[in-house]
Amino acid sequence: MKNRICLLAFSMLLSSFLCGQIPVSGRVTDVNGKGIASVPVTDGYNIVLTGPAGEYNITTSERARFVYISLPEKYEPVGNFYIPLNDKTENKFNFTLKSVPNQPSAFIHIGDTEESVYKDFVDAIKNYIANHKLAFIVFNGDICYEKGMNFHAAELTTEKLGIRAVYTLGNHDLVTGEYGEQMYEKLFGPVWYSFNVGGVHFVSAPVNYGDKVPSYKPADVYRWVKKDLDLLPAGTPVVYMNHHLYGYDSKFDFSSDSLDFNLGSYNLKGYLHAHYHANLYHRTPEGVVLFSSMSPNKGGIDHSVSSFRVINFDKKGNLRSELKYSTLVKHISANIFETPDGKLKAVANIYDTGSEVVSADVLFEGESSPLKQSSSWSWEGFVKPSAGIAKEIEGARISVKFSDGSVVFKNITYPYYKNNRILWATGLGGNVFMTSPLIAKGIAVVATIDDDTLKRASVQGIDINTGKTKWIFKTKNSVKNNLGIWENSVLAGDIAGNIYSIDLN
């Protein structure tokens, strides 16, 4: 009887090898060799949890090409989070993690770099990383093609950037090979995986289709994602990352005849995507925040300037975005003008891609006058002495302190040219892009953009004589094109396709 049992066990083991299945075991430990329990270990099709000593056993699918882990919170991998299944005789895979007790709750989001040459945007990103606490950086697909993927794998790595580099597979990352994602896997590992930071569960998933045919089907991805999410404690915030935006029109329902999976039924807080070559923000009625981010190395399809997005989050999964425009190094442009009541007012545009502006002061005739920030780029304030100025000012300077510790001084222009001088300057509370002001009936009509939260997206009417705001109309999205005036109405269109007719007076 004992011989029969042994023979049966041997037959089952032989059958698993003949089918391409491999029984794999190992441990997940910290750098001191202590086991880490309850870490999900997966082959991309099946998932098991590590035991009390960090041990695990898993029989891989015949289609599996990796064994990898879902990184637990407050840990980073030593090396990669995945191990290729290249050697079919290998069955011991151990993972080592280092403790990071105070992980930052912020990361960089980038899409569609499509770059194969080292350019200044890389230095801009490195400078920003050096001056800020960040957990990781996401390259959200279209890296792209063979040259682009090789460049990213050589230059935009965890080691060279100083924070964990996270990649997702885009449609232009499916290239010629035995299967579309073969090269991506060789350079970056599994095309679907997850990790945890700051109480939030992040899932990275590949596109369903692209330039070449992948070896997987959408249902393969969604089955694994469902298994991954089902392991989470109830209420865990989820942020989903995919180069394409899927399921928005169906409240993220990916169900089919063979699969019942609704991403929206989990605590989905954010969906990060790219592909549109534009910076977009949207919030669904259910509260899911959608961010699309363009590339930092070229302008967008809507002619937006190059940028990358910094996203802060809390343990509830609330996302807050700030776009950083690249590449500007200590950009300072300032003017002083005399107001109708004889005061001197300074206005300045100040920006640096790699750091933040800490303070700005005007230095004039032995006096230092602090400026206050009125928008992400603009600073303004009154200058001492403030009266009796009727000629061009000489020697006025602006002093700007940045968060990287540098202090930059620059001379200020006083634009006093007889009857052609500044009468007033007004902060709009937001940035203006590609929308020239229109003037009618004593009102200057302007529009502001906001691709972070939309709270500052508006059309405004300004009194051309005083510079005071007469009215503000909040738009549903950013206005980035020409305004129009017809009779007593202002006509505007935002980038989401909404058209507005606003009373001029």
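Q: What does contact mean here?
A: Contact means heavy atoms within 4.5 Å. The model is predicted, with local features needing pLDDT of at least 70 and side-chain atom pairs counting only at pLDDT 80 or more, while totals for chains, interfaces and linings use all residues. Residues are numbered from 1 along each chain as its sequence is written, and side-chain values use heavy atoms, with hydrogens and water left out.

Q: OK, so which residues does Trp471 touch?
A: Leaving aside residues up to four places away in sequence, Trp471 touches Ile443, Val445, Val459, Gln460, Gly461, Val490, Ile502, Asp503 and Leu504. With Leu504 there is also a polar pairing, since a polar atom of the Trp471 side chain lies 2.8 Å from the backbone oxygen of Leu504; a polar contact is a pair of N or O atoms within 3.5 Å, where within protein one must be able to donate a hydrogen and the other to accept it, and residues adjacent in sequence count only if both atoms are side-chain atoms.

Q: Where does Trp471 lie, and is it buried or exposed?
A: Trp471 lies in strand β31, residues 469-474, where helices (H or I, at least four residues) and strands (E, at least two) are DSSP runs numbered from the N terminus. Its relative accessible area is 14%, so Trp471 is buried, given that buried means under 20%, exposed over 50% and partly exposed in between (1.4 Å probe, protein chains only).

Q: How many helices and strands does the protein have?
A: There are 6 helices and 34 strands in the protein. Of its 505 residues, 52% are buried, and residues 24 or more positions apart supply 62% of the contacts that have a separation of 6 or more.

Q: Switching to the core: which residues have the most contacts inside the largest one?
A: Those are Ile108 and Phe202, in a nonpolar core of 95 residues, that is, a set of buried Ala, Val, Leu, Ile, Met, Phe, Trp, Tyr and Cys residues joined through side-chain atoms within 4.5 Å. A second, separate core has 19 residues, including Ala346, Ala360, Ala396 and Ile412. Beyond four places in sequence, the residues that Ile108 touches include Phe136, Phe308 and Arg309.

Q: And Arg309, buried or exposed?
A: Arg309, which is found in strand β18 (residues 307-313), is buried, with a relative accessible area of 0%. Its side chain reaches the backbone oxygen of Ser292 at 2.9 Å, and the side chain of Arg309 also makes a polar contact with the side chain of Ser293 at 2.8 Å.

Q: What is phi of Tyr145?
A: Phi of Tyr145 is near 60 degrees, a positive value in a residue other than glycine. Most residues other than glycine have a negative phi, and most peptide bonds are trans. Tyr145 is in helix α3 and counts as partly exposed at 39% relative accessibility.
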